[in-house]
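Open the model in your viewer and keep the selection tool ready. Each stop below says what to select and what is there.

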Amino acid sequence: MSSSVSLALRDVHLAFGRNQVLRGVDLEVARGATACVIGPSGSGKSTLLRTVNRLLEPDRGDVLLDGRSVLRDDPDVLRQRVGMVFQQFNLFPHMSVLRNVTLALRRKRRLGDDEAVAVAREHLDRVGLAAKADARPGQLSGGQQQRVAIARALAMQPEVMLFDEATSALDPELVKGVLALMAELSAQGMTMVVVTHEMGFAREVADTVAFMDAGVVLEAGAPNAIFEAAQHPRLRRFLSQVL
Ligand code: ADP
Ligand code: MG
């Protein structure tokens with residue numbers, strides 16, 4: 001694994017037209033730590049993640065990796081440093097699992113065919129899917145497809161991993177395997193930001209839990225502080241609805 005970095009968002013603002021979606025987001029994730037972002041639908045969680053790998057550009061504020069602003073970097077280079085996994089796995093349905101993983105290795109990391117295949121197989125093995133290399137995504141369960149998407153991201157040797165409701169589209173019995181893989185990655189020292197509705201995962205795996213509401217991180221802290229001693233009434237109300 002390539003070494004991970006610290007991540008910080010500082011006073012990040014972002015509007016879509018007149019819809020002010022991020023209103024000064026602050027978030028600190030130490031090197032190798034996992035932050036879980038929780039909060040109601042529409043509060044800006046996905047938008048926040050997208051500013052980190054510059055799928056969206058903040059109007060104001062800064063995004064820092066190891067203390068260095070990424071806002072002037074080449075977005076393509078940045079996206080190799082910051083892997084992202086989505087709710088919908090976004091695999092190419094007409095390509096084999098192996099090709100899904102080798103594609104970016106050849107195009108972005110510029111690996112030759114043999115090396116790309118070797119790296120891809122290593123990462124498919126890591127997520128327990130070496131035997132499925134020649135299958136099409138459609139022949140896999142949702143949980144297996146999501147693990148392929150994670151392998152694809154990891155193969156790029158990212159320094160930070162972002163997960164946007166990675167288990168929300170899965171059948172309940174498939175959620176566990178994907179969460180276990182994410183927990184393993186966290187334990188191995190990957191810096192991660194995980195947007196999730198899985199409060200059990202947040203409680204057990206997160207170093208920091210950040211509650212987003214209406215475009216700001218309203219409260220952040222250790223899982224115990226958030227789940228056992230929430231300060232803000234809006235957070236207490238949210239938790240009473242989801243726990
Ligand atoms: P969450 O992930 O917390 O549910 P989002 O970040 O997806 O919230 O969305 C926050 C707000 O931003 C919503 O009002 C949504 O409609 C708006 N929004 C998100 N993406 C776009 C976009 N690409 N264009 C316009 N509005 C958007
Ligand atoms: Mg979202």
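Two strands pair if DSSP finds at least two bridges between them. Strands (E, at least two residues) and helices (H or I, at least four residues) are DSSP runs, numbered from the N terminus. This is a predicted model, in which local features need pLDDT of at least 70 and side-chain atom pairs count only at pLDDT 80 or more, while totals for chains, interfaces and linings use all residues. Residues are numbered from 1 along each chain as its sequence is written, chains are lettered from A and ligands numbered from 1 in the order in which they are written, and side-chain values use heavy atoms, with hydrogens and water left out.

**Stop 1: the confidence values**

Colour the chain by pLDDT, the predictor's confidence in each residue, from 0 to 100. The mean for the chain is 97, and 99% of its residues reach 70 or more. For the complex, the predictor gives an ipTM of 0.98 and a pTM of 0.97.

**Stop 2: the hairpin**

Select β1 and β2. They form a hairpin with two residues between them. Gly-17, in the turn, has a positive phi of about 60 degrees. The pairing of β1 and β2 is antiparallel and covers eight bridges. To see one of the bridges, pick Ala-15, whose partner in β2 is Gln-20.

**Stop 3: the sheet**

Now widen the selection to the open sheet of four strands, which has the order β2-β1-β4-β5 with antiparallel pairing. β2 and β5 (68–69) stand at the edges with a single partner strand each, so one side of each has no neighbour in the sheet. Strands of a sheet pair through backbone hydrogen bonds, either parallel or antiparallel.

Next, show β1 (residues 7–16) together with β4 (residues 60–65): five bridges join these antiparallel strands. Ala-8 has Leu-64 as its bridge partner in β4.

Stay in strand β1 and select Asp-11. Its phi is positive, about 50 degrees, although Asp-11 is not a glycine. (Buried means under 20% relative accessible area, exposed over 50%, partly exposed in between, with a 1.4 Å probe and protein chains only.)

**Stop 4: ligand 1**

Which residues are around ligand 1? Select Phe-16, Asn-19, Val-21, Pro-40, Ser-41, Gly-42, Ser-43, Gly-44, Lys-45, Ser-46 and Thr-47; a residue is near a molecule if one of its heavy atoms lies within 4 Å of it. By class, this shell has three nonpolar, seven polar and one charged residues. (Ala, Val, Leu, Ile, Met, Phe, Trp, Tyr, Cys and Pro count as nonpolar, Asp, Glu, Lys and Arg as charged, and the others, Gly among them, as polar.)

Look for polar contacts, pairs of N or O atoms within 3.5 Å. An N or O atom in the side chain of Ser-46 is 2.9 Å from an oxygen atom of ligand 1. A polar backbone atom of Gly-44 lies 3.1 Å from a ligand 1 oxygen, and for a backbone N or O atom of Ser-43 the distance to a ligand 1 oxygen is 3.2 Å.

The elements giving two or more residues to the shell are β2 (19–29) and α1 (45–52). The largest share, three residues, comes from α1.

**Stop 5: a loop and a helix**

Go to the loop between α3 (97–107) and α4 (113–126) and select Arg-110. Phi of Arg-110 is near 60 degrees, a positive value in a residue other than glycine. At 68% relative accessibility, Arg-110 counts as exposed.

Finish at Gly-143 in helix α5 (residues 142–155). Gly-143 is buried, at 3% relative accessible area.

How values were computed
A polar contact is a pair of N or O atoms within 3.5 Å; within protein, one must be able to donate a hydrogen and the other to accept it, and residues adjacent in sequence count only if both atoms are side-chain atoms.
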